[in-house]
Structure formats: structure tokens, C-alpha cells
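Hi,

Here is the model I promised to pass on.

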Amino acid sequence: MLGKGVVGGGGGTKAPKPSFVSYVRPEEIHTNEKEATEKEVTLHLLPGEQLLCEANTVLKCVQEDSCQRGIYGRLVCTDFKIAFLGDDESAPDNDETQFKNKVIGENDITLHCVDQIYGVFDEKKKTLFGQLKKYPEKLVIHCKDLRVFHFCLRYTKEEEVKRIVSGIIHHTQAPKLLKRLFLFSYATAARNNPATDPKKHAIMFDTLQDWFRELERTKGNMKYKAVSVNEGYKVCERLPAYFVVPAPLLEEDIAFFQGRGIPIWCWSCHNGCALLKMSALPKEQDDGMLQIQKNFVDRIYKTVHRPPYETAKTEDLSSNFLSLQEIQMAYSKFKQLFLIDNSTEFWDTDIKWFSLLESSSWLDIIRRCLKKAVEIIECLEAQNMNVLLLEDNASDLCCLISSLVQVMMDPHCRTIFGFQSLVQKEWIMGGHCFLDRCNHLRQSDKEEAPVFLLFLDCVWQLVHQHPPAFEFTETYLTVLSDSLYIPIFSTFFFNSPHQKDTNVGRESQDSQSKPLNLLTVWDWSVQFEPKAQTLLTNPLYVEKPKLEKAQRKGTHFKHQRQLSLPLTQSKSSPKRGFFREETDHLIKNLLGKRISKLINSSEELQDGFREFYDGWHSRPPSYQGLLLPHLEGPEIKVWAQRYLRWIPEAQILGGGGVATMSKLLEMMEEVQRLQEKIEARHHSQEALQAEAASPPRTSGRLSSLFPFALLQRHPSKPVLPTSGWKALGDEDDLAKREDEFVDLGDV
């Protein structure tokens, strides 16, 4: 009988236990005609990392049918990770091209990356949590990066099984305090280590000067101003210390409702229009307080809505768009498609895979987010209108949509430095609750929602559709999504700048010790060697052409970012009466009286959007201008590199997009060599003769999921369902038709 700490599984009679007892220890068994030695694999600990528990003679099973093969080793749990230490003889040679993470090994799982833990009891898989009365013979760990680990504990000592299983469950599932995160242990232990300046990798937006420079870059400094009214978080703990508001706004108005009901600047378009965001006022039942709020909002918008400001169009994301519950539910269904235990399960779901994919609604949510961003771009670009995004806290969907708009409209945000600065501005300083949305503390599952991962998936769709427009690759986006769960970086482990500054000692005046210097995720040298970092940069990126000085003087652009939008007639600003109507709608929404459709309710606007969208796609794109995605159903695809990289059956050896990229790089290198030969011919004929031709690059050993699946470690013929083999016929038939079929096991 299982304790209440074990749930799940089905009923039915138990299978009879095998009666055979082996008296030969697993380490004494000869495998692959070679005796398994007692070679100890060293456990590498980071500064501040402590070993908590361990178990010996653990079999890490291969992710194949019935999981009968594997590697024996030691399973350990520290306050940072779960690690398996075994002598993997199938690992590639050291001289082979690899994409290694210096912080997380191939068999390491950070505690924050653990999603679910299952135990296998008499061939039945059940979810594990809490205190156990019976311990499993096999441990299955599902990770948030979609890896699946199987650890067989059948040959492990009973006491070690109890310690390692209880330790893993406790340190991954039990609620934690913020100060108990490994982030602080690491920062304290590495306090004396030299830290790189984070400003080399991104604009951090933690000073007033950073906001001044961003206003100047986007030409928004004529209408908007950076304010320090929240310095020391005196007005609001939810907002950053510095932010940007319309220039006429008074500082006492900002403090009136602790920053709520105030339009906060996100970005300025080349035509002077701006993207703004606003958090809703607190809902009040008292009529007197409601009237005060109404008068406050009316006064704010009378101040803002006067020349030189354009008319504002409101977008209520709290009532007319996605909910966090929808996003979480869709992703929970979606990720189950990729958490595959074995080959049989993979092939069994193959016939209904697309139906399951559609029922999850994840790709439809991505399409809706991209469409909403394009609608806002149409208002900014074609209608010359400011757009105001409304949300209860302006820290979830506002971050998502405003970031997508900037990625599509601003080429600077498609560079590595610009993209990292964008995430700092809109997500970190925008107050996105990473701690709650990623459920790092395991305190409330209700607050969990993969909003940032949804943003990265949307950006991947753009990268996939327009590769030359981005300086970074899909590999960059994949490792960024993995970095959400590595608690040595402070970037994704706080709910707000105030929470971070409070907990690292920057706000305490009495403290004698200096504040902790926490690492930022943007320093990729912490995780990857220089050779591996080259895979984060797109070699086919089309850079912005640099104008000569003479050209620059003779050209007078209104804004330096020229867009590739086709020439369309700009619509004149609506009449003043429109603002009165829009303000009434805004007041209703801010006071909690939601209406069904605040924007795009008229057919005229829908037609305008379609004309704008079709007009852009009818012309060749300018990769240093406006960039719009294809929104049609087949164009929104599964991010294969992130979601399928751990499934061997989903790999195409020597094929896929990486093969195309490899061929393009071969051509580029060949062109470069020819250019060097031509130049050498002008300088010295001897240099030309002495020059040795560099060997061509080969893609034969690459996988379609490179660089995460360089080689299929255990190549084997796919295990098809029984019905599949019957359809193919028996072995004699296959032998007769050997010229018609390819044995995938020999590829």
C-alpha cells in the first residue's frame, strides 16, 4: 500500500514479481566485452554549492523501448542540481565539435528545471510528492527544458534509495524562501571573483542616463521625459526607480495612485507616435472614490491629449485578449507531446500527433499574439496614432506585446545587444514576475504561466520566417529559454527591481558589507566557450548599410530607421471627438467596468489592417526595416530545436535546416577563399602558391537538431507500433523489396 505522498497510476491486478535473485553485483558484470571498472567520476561543485545526498549503483536508462540499456553510476543531489556521474563510453571524442555548457553538464538538472517526478512501482508510473511510505524501483524526472531522465534504483542499497528519492522530492517540490535560493549562496561564495561589467552586453536601464539615451535613440525626447520620482521606490515598489512619462505630466500625479493610471512610455515610432502602457486603477466600491478616480483619469488625458501629442488608441489586454490561465493550460497540454518516455510511446502517438497539437491551442495562441502586435503596428505606422496598452498590472501581456512590436518595427532590437537591452527594459524593469510565472519558489501553481517563453516562441517564428533580419540564431533563443532555470543569474529570479535591490543589500543604508554582485545572463562567456558562442550569432545576418559622411550630410531623414513599408496614404488624425469617446472607454476600463470590444470593432479598421498586412507582404522585405510575420495557419510552426531536441526519433541525420545552413556557409567560405586568392595574385604570386587550400566543411555528422543533438548516441532502428510492422510485411517481404526501403538504423 502506498502512502499519501504517492498519487496517480491505474488500478488492476499486480504483475507477479520475478523470483530470480542475482547475487552478482552490477559492477561485476562484463558489458561490451569490457569489464566495468570502479573509475570514480569527479563531482564538480560551483562556488557555494554543497552536496546533500547521493546514491551509488544507479542505472541511467537509455531512452529507448523498455529502457533495458544504460550506464551505471552515482546519482547525487546538491543545493543547485541533480547530477548523474557515470562513465559514458558513448560520448563523443574531445576533438569533435560540441556545444557544451560550462555550468550545466549533459547529465545535470538544476533543481528549478525539474517539472515532475514519477516513481515506477510494479511497472506502474505514479507522481511522487511529500513523504513516501514505499520507495520506487525506478525514478523518472521530467524537466522544464523537456528532457526526460530514467534512473533505475533496483540495484541500489535501500537506505541510499530512501535518501536520494526523499532528498530530490524535498529540494525540488517543497516551497522555498527567496533567501534560500542558490543564487545567494553562489553570489556570496564568489563575492571576490572579478565580475564583468553588465553594460558591455546590454543597456540595463537602472540609471536615468540609460533612459535619456533610449529617448534620444528613438527621437522621443521631444515629447517624453525620464523621471526619478520613484527613486528609492518611494512611490511604488512595482515600478522601476526610473521610467519615462509624457513631458507635461506632473510628478504629484504619478504618486497620486502609486503609479497606477499613468501612461508609461515604451517606445517611439519614426513618425513621432509612441507605444505606451498603463496599469489599471484599484477597483473601488465607494461612489466617492470612483468619482475621484474618474476625475483623475480625465485630468491626466486632458494634459496628454494636446499638441504635439497624437490621438491615443487604447488596447485593453485584460479583457479583450488572452488570459494567463489560457496560456498556462495550452502550454501544459503542448509540452506533453515532447515529454516522451520511450520509443514505443513516441510512435504510438505519431498517428494522432497533429490532432493533439491542434487541441493544445499553443500555436493558435502564438498566432494571436503576433496578430495583435501587427494590429498595433498598423495603428502606429498607418494611422499615425499613439497606442496605449492596458492591463491590471501592466507586467505580463503588456511586456509581451510591446516587445513584439519593437522587434518587428525597430531593427536595433533584432541585434544581440538590442534584443538583450529590450528584455531588460520591457521585462526586467517592466516588473514581469519571473519568480511567480516560472514558479521558482514552488509557492503557488496558480501564478505560474510561461509568458516569457511565449514571447521567445513568437520571436522564433519571426527568426524562422526572416532569418537574415536577425543577428542572433534560434540556438540563441533556445539557450536563453534554458537560462530561465539556472539560478546563478539574477536576471530571471526576481519579481521586480525593488525585490532584487532589497535582497542584495543595495537599499540597506546601515549594512557595512558591500552589496552582492549578481551575474547577468547576458554574459554568455559564463556558460559557453568562445567557439560555442559563435553558434549564437547568425552568419547570414544582413547588417544596416553604413552611409558615407557625404551621403549622411546630404540626407535628411525624419528618423534614422527607414521602414520598408510600401507607400500608403497616411490617414489623417481622427477628430477631437474621438478622444472624448476613447477617454470614456478608458475610464470605464480603468475602473473595472470592462466592455467587450474596445478596439477593432468596426469593419473599416479590419479592412485597413488587411490592406496594411497584404500590402507589406506583396513587396520584398527590407531586413533593416519593418518586419511582419506570416499569420496563416501553416506558417506558424513548432519550434523544433527547443521542443524536439531530446527525441532521437525526431532527428534527421545529415539533414534539416542545419544542412542548408552548412551548405550556405561552405559557399561563403569558398567565395572568401577565392577573394583572398585574387587579392594575393596582385601582391605576390609566391604567396598564392604557398597558400594551402582549407578543407571543406562537412555536414555528414550533423543532426537536424544541431547543436543539441550532434550525433544520435545509440543509433537503432525505429521501434514502430505492431500495426506499422504488419503494414510493411514480414522480413522475407522486406528482403525482396530491399531496393525500395532504407534501413534507418544504418543511416
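In this predicted model, Glu158 pairs up with Lys162 in a salt bridge, with 3.7 Å between the closest N and O atoms. Both residues sit in helix H1 (residues 158-173), four residues apart, which is about one turn of the helix. Glu158 is exposed, at 56% relative accessibility, while Lys162 is partly exposed at 30%.

Next, have a look at Asp410, which forms a salt bridge with Arg217; here the closest N and O atoms are 2.8 Å apart. This pair links distant parts of the chain, 193 residues apart: Asp410 is in the loop between helix H10 (397-409) and helix H11 (416-428), and Arg217 is in helix H3 (residues 208-217). Asp410 is buried, with a relative accessible area of 0%, whereas Arg217 counts as partly exposed at 25%. The two also belong to a network of salt bridges that links Glu214, Arg217, Asp410, Lys425 and Glu426.

One more pair to click on: Asp396 and Arg437 form a salt bridge, their closest N and O atoms lying 2.9 Å apart.

Cheers

Technical notes: Residues numbered from 1 in each chain as written. Predicted model: local features only at pLDDT ≥ 70, side-chain atom pairs only at ≥ 80, totals over all residues. Heavy atoms only, no water. Salt bridge = Lys/Arg side-chain N within 4 Å of Asp/Glu carboxyl O. Helix = DSSP H or I, 4+ residues; strand = E, 2+ residues; numbered from the N terminus. Buried < 20%, exposed > 50% of the residue type's maximum accessible area, 1.4 Å probe, protein only.
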